[in-house]
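The entries follow the order in which I went through it.

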Amino acid sequence: MAEIEGQVKDEQLDPEAEARRRVALAQIRQYPDSALKMAARPVEEFDDDLRRLADRMKLLMVDANGIGLAATQVGVLQRLFVFHINEDEIVALANPEIVEAGEVTTVDDEGCLSIQGVLLPVERPAKIAIAGQDENGADVRYELEEPYSRVAQHETDHLDGVLILDRTTPEARREALASLRPRIVLG
Ligand SMILES: [Zn+2]
């Protein structure tokens, strides 16, 4: 895997992959979509609908060249996200709870599939343990280090309606918001 920046992989794509990425991104809510600011509800039914949602999110995440994707980003207000737990493995995690967080924190630039073209410095614990259920309702727990610990925290934030804009420094936030301001195109 290429260098990872928060939720987005940084690598050059061939034209076909770039086309797939654009199609995927068009299905992901973009800032300032109101779904991105809403808190998701706990997953209670581990049924075929949930498994289909998890499968669809995994495909979208891969096509979008991301390493994590939360249900709120596809407009579904359920506490579910998909992410890489290592370079090769993608899992779905429902009702995630960060049950342990190390005292050592690091600051790194994070991107977000819902805030394109922006990288913001975010400070987070470097090591965490996160628990929840898989798409079949079985209890799971993952011990994570960077960058996967960072991705899991980024996705958990999404389920609470929290974005990297809310986690970064006031200065970086100001600059990002200026660059995200809609531009009026004439002609
Ligand atoms: Zn994100």
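**Entry 1: Arg 167**

I began with Arg 167, which counts as partly exposed because its relative accessibility is 42%, and I note here that the model is a predicted one. I then looked up its place and found Arg 167 in helix α4, which covers residues 164–167. Leaving aside residues up to four places away in sequence, I list Pro 121, Val 122, Arg 124, Asp 157 and Val 162 as the residues that Arg 167 touches. I also checked Arg 167 against Leu 80, which is 87 residues away along the chain, and the C-alpha atoms of the two are separated by 21 Å.

**Entry 2: Thr 156**

Next I turned to Thr 156, whose place is in helix α3. Is Thr 156 buried or exposed? With a relative accessibility of 9%, Thr 156 falls under the 20% cut-off and therefore counts as buried. Looking at its side chain, I found a polar atom of Thr 156 at 2.7 Å from the backbone oxygen of Ala 152. Beyond residues up to four places away in sequence, Thr 156 touches Phe 81, Pro 96, Ile 98 and Ile 130.

**Entry 3: the cavity**

I then asked how many cavities of 30 Å³ or more a search of the whole structure finds. The search gives 1 cavity, and I noted about 30 Å³ of space in the largest cavity. As its lining I wrote down Cys 112, Arg 124, His 154, Asp 157, His 158, Val 162, Leu 163 and Ile 164. By class, I have 4 nonpolar, 2 polar and 2 charged residues in this lining, and helix α3, residues 148–159, supplies the largest share of it with 3 residues. Going back to the first entry, I see that Arg 124, Asp 157 and Val 162, which are among the lining residues, are also among the residues that Arg 167 touches.

**Entry 4: helix α1**

Last I took up helix α1, residues 15–25, where the buried residues are Ala 17, Ala 24 and Leu 25. Seen down the axis of α1, these buried residues fall within an arc of 95°, so they line one face of the helix. On the face turned away from the buried side of α1, I recorded the exposed residues Pro 15, Glu 16, Arg 22 and Val 23. I next looked up what the buried residues of α1 pack against, and found α2 (48–63) and β7 (115–125). At the start of α1, I found that a side-chain oxygen of Asp 14 comes to within 3.1 Å of the backbone nitrogen of Glu 16.

Notes:
Residues numbered from 1 in each chain as written. Predicted model: local features only at pLDDT ≥ 70, side-chain atom pairs only at ≥ 80, totals over all residues. Heavy atoms only, no water. 1 Å grid on protein atoms, 1.4 Å probe; cavity = no way out; pocket = protein on both sides within 12 Å on 5 of 7 lines; lining within 4 Å. Points joined across faces, edges and corners; volume = space filled by probe spheres on them. Helix = DSSP H or I, 4+ residues; strand = E, 2+ residues; numbered from the N terminus. Nonpolar A, V, L, I, M, F, W, Y, C, P; charged D, E, K, R; others polar. Buried < 20%, exposed > 50% of the residue type's maximum accessible area, 1.4 Å probe, protein only. Arc of directions from axis to C-beta. Contact = heavy atoms within 4.5 Å. Polar contact = N/O pair within 3.5 Å; in protein donor to acceptor, adjacent residues only side chain to side chain.
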